[in-house]
Amino acid sequence: RAEAAALERRRRELDERARQLRLLAGSSEAGEPGEDDRTERAERLAEAAVLEADAAVRGLLDVAERALRAHTVAAWLLTDDDRELRLWEGRSRSDALARQLPAGEGPLGGVVKRRAPLRLHGGVKAANHYDDGLRPSALVAVPLLARVGGHLRGVLVADRIDAEPFTESDERLLA
């Protein structure tokens, strides 16, 4: 029973992630004969796509962390109602990376509102992506836009604790 419950929890997590990545529409009820099979197949394909996307993001964040010499590199996705940013994946030397943030506050909220990249340095007092109040000395953030339609999906951020500011080429690399 515990194993079945764990599998069901994992399936719900993958379905939620698929919805976040816009790979799976909201729940719908089956109508026609054979539709259950198509729905089940679509859900399994979406789950496979989620696992593939997660692995790709982990690899890209590893590369970005090294290339940018960052303290943290992380991706947050917008919730369906566009009110929150939820941590998708992150690489950080800190254990206090926020799991969710208000989509309209702080530097990441600025990227959401303007749909444009942002670079800050010199003690980023407005930074709110750490639960313990850590304030990086430099930050660069770029919007995650869908290739088709240009819809805002989230924000990608890198920061440094040391005082070295991010350059325009660092911003392009992150984008």
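**Pocket, core contacts and backbone**

The lining of the largest pocket is made up of 23 nonpolar residues, one polar and three charged. Before I go further, note that this is a predicted model.

Staying with that pocket, its volume is about 810 Å³. It has 27 lining residues, and those nearest the centre are V57, L60, W88, L144 and L156. Which elements supply at least two residues each to the lining? They are α2 (35-68), β1 (72-78), β5, β6 (152-160) and α4 (168-174). Of the contributors, α2 gives the most, eight residues.

Next, H129. You will find H129 in the loop between β4 (118-121) and β5 (138-145). Is H129 buried or exposed? Its relative accessibility is 0%, so H129 counts as buried. The side chain of H129 has a polar contact, at 2.7 Å, with the side chain of D159. Apart from residues up to four places away in sequence, H129 touches W76, A96, L97, A98, L101, L108, P136, L139 and D159.

L139, one of the residues H129 touches, also turns up beside L118. L118 is in strand β4. With a relative accessibility of 14%, L118 falls under the 20% cut-off and therefore counts as buried. Leaving out neighbours within four places, the contacts of L118 are P107, V111, L139, V140 and A141.

Now helix α1, residues 2-20. It has 19 residues and spans 27 Å from its first C-alpha to its last, close to the 27 Å expected. Which residues of α1 are buried? They are L14, D15, A18 and Q20. As background, an α-helix has 3.6 residues a turn, so residues three or four places apart point the same way.

Last, the backbone. Most residues other than glycine have a negative phi. D82 has a positive phi, near 60 degrees, and is not a glycine. D82 sits in the loop between β1 and β2 (84-92), and at 46% relative accessibility D82 counts as partly exposed. R115, also not a glycine, has a positive phi of about 55 degrees. The loop that holds R115 runs between α3 (106-114) and β4. R115 has a relative accessible area of 41%, so R115 is partly exposed.

That is the list; I'll take questions.

Methods. Residues numbered from 1 in each chain as written. Predicted model: local features only at pLDDT ≥ 70, side-chain atom pairs only at ≥ 80, totals over all residues. Heavy atoms only, no water. Helix = DSSP H or I, 4+ residues; strand = E, 2+ residues; numbered from the N terminus. Buried < 20%, exposed > 50% of the residue type's maximum accessible area, 1.4 Å probe, protein only. Polar contact = N/O pair within 3.5 Å; in protein donor to acceptor, adjacent residues only side chain to side chain. Contact = heavy atoms within 4.5 Å. 1 Å grid on protein atoms, 1.4 Å probe; cavity = no way out; pocket = protein on both sides within 12 Å on 5 of 7 lines; lining within 4 Å. Points joined across faces, edges and corners; volume = space filled by probe spheres on them. Nonpolar A, V, L, I, M, F, W, Y, C, P; charged D, E, K, R; others polar. Expected span 1.5 Å × (residues − 1).
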